[in-house]
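Student: Could we go through this one slowly? I'd like to know how you sort residues by their cover before we look at any of them.

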Amino acid sequence: MGVDIKHSWRGDLVVDLVAPDGSTYRMKNSSSNDSADNVITTYTVNASTEIANGTWKLKVQDIAAQDTGYIDSFKLVF
């Protein structure tokens, strides 16, 4: 899964991939020590037990108050 998330303090972010059946796969935990900008990376997920058909969602949570951001893009490759 490739993500491009713009954010002024990426350590504030928690990123999960949500499968069609509601199963959640944690891609990124928050880290108060990570003050860099943006999350632009590729994650590998073992979702071999999931059915590929259906709606997959990217869930991004900002656990802090001051900084802002947005999801620029993400893609899944099976």
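Tutor: A residue is called buried under 20% relative accessible area, exposed over 50% and partly exposed in between, with a 1.4 Å probe and protein chains only. This is a predicted model, where local features need pLDDT of at least 70, side-chain atom pairs need 80 or more, and totals for chains, interfaces and linings use all residues. Residues are numbered from 1 along each chain as its sequence is written, and side-chain values use heavy atoms, leaving out hydrogens and water.

Student: OK, so how many helices and strands does the chain have?

Tutor: The chain has zero helices and six strands, both being DSSP runs numbered from the N terminus (helices H or I, at least four residues; strands E, at least two). Reading along the sequence therefore gives the pattern β-β-β-β-β-β, in keeping with that definition of runs.

Student: And which strands form the open sheet?

Tutor: Three strands make up this open sheet, in the order β4-β1-β6, and their pairing is antiparallel. The strands at the edges are β4 (39–42) and β6 (69–75), and because each has a single partner strand, one side of each is left without a neighbour in the sheet.

Student: How many bridges do β1 and β4 pair over?

Tutor: Strand β1, which covers residues 2–7, pairs with β4 over four bridges in the antiparallel sense; two strands count as paired if DSSP finds at least two bridges between them. As an example to look for on screen, Ile 5 has Val 39 in β4 as its bridge partner.

Student: Switching topic: how many salt bridges does the structure hold?

Tutor: There are four salt bridges in the structure, each a side-chain nitrogen of Lys or Arg within 4 Å of a carboxyl oxygen of Asp or Glu.

Student: Which residues are linked in a network of salt bridges?

Tutor: The network joins Asp 4, Lys 6 and Asp 72. In one of its links, the side chains of Asp 4 and Lys 6 meet with 2.8 Å from N to O. In another link, Lys 6 forms a salt bridge with Asp 72, and there the closest N and O atoms are 3.9 Å apart. Since Lys 6 lies in strand β1 and Asp 72 in strand β6, this pair ties together parts that are 66 residues apart in sequence.

Student: Is Asp 4 buried or exposed? And what about Lys 6 and Asp 72?

Tutor: Asp 4 counts as buried, because its relative accessibility is 15%. Lys 6 is partly exposed, with a relative accessible area of 23%, and Asp 72 also counts as partly exposed, at 43% relative accessibility.

Student: What about Arg 26, then: which side chain does it meet in a salt bridge?

Tutor: Arg 26 meets the side chain of Asp 16, with 2.5 Å from N to O. This pair links distant parts of the chain, since Arg 26 is in strand β3 (residues 24–28) and Asp 16 in strand β2 (residues 13–18), 10 residues apart.

Student: Why does Asp 16 count as buried?

Tutor: Asp 16 counts as buried because its relative accessibility is 3%, whereas Arg 26, with a relative accessible area of 47%, is partly exposed.

Student: Last one: what does the C-alpha trace span along its principal axes?

Tutor: The C-alpha trace of the chain spans about 40 × 20 × 15 Å along those axes. As for cover over the whole chain, 31% of its 78 residues count as buried.
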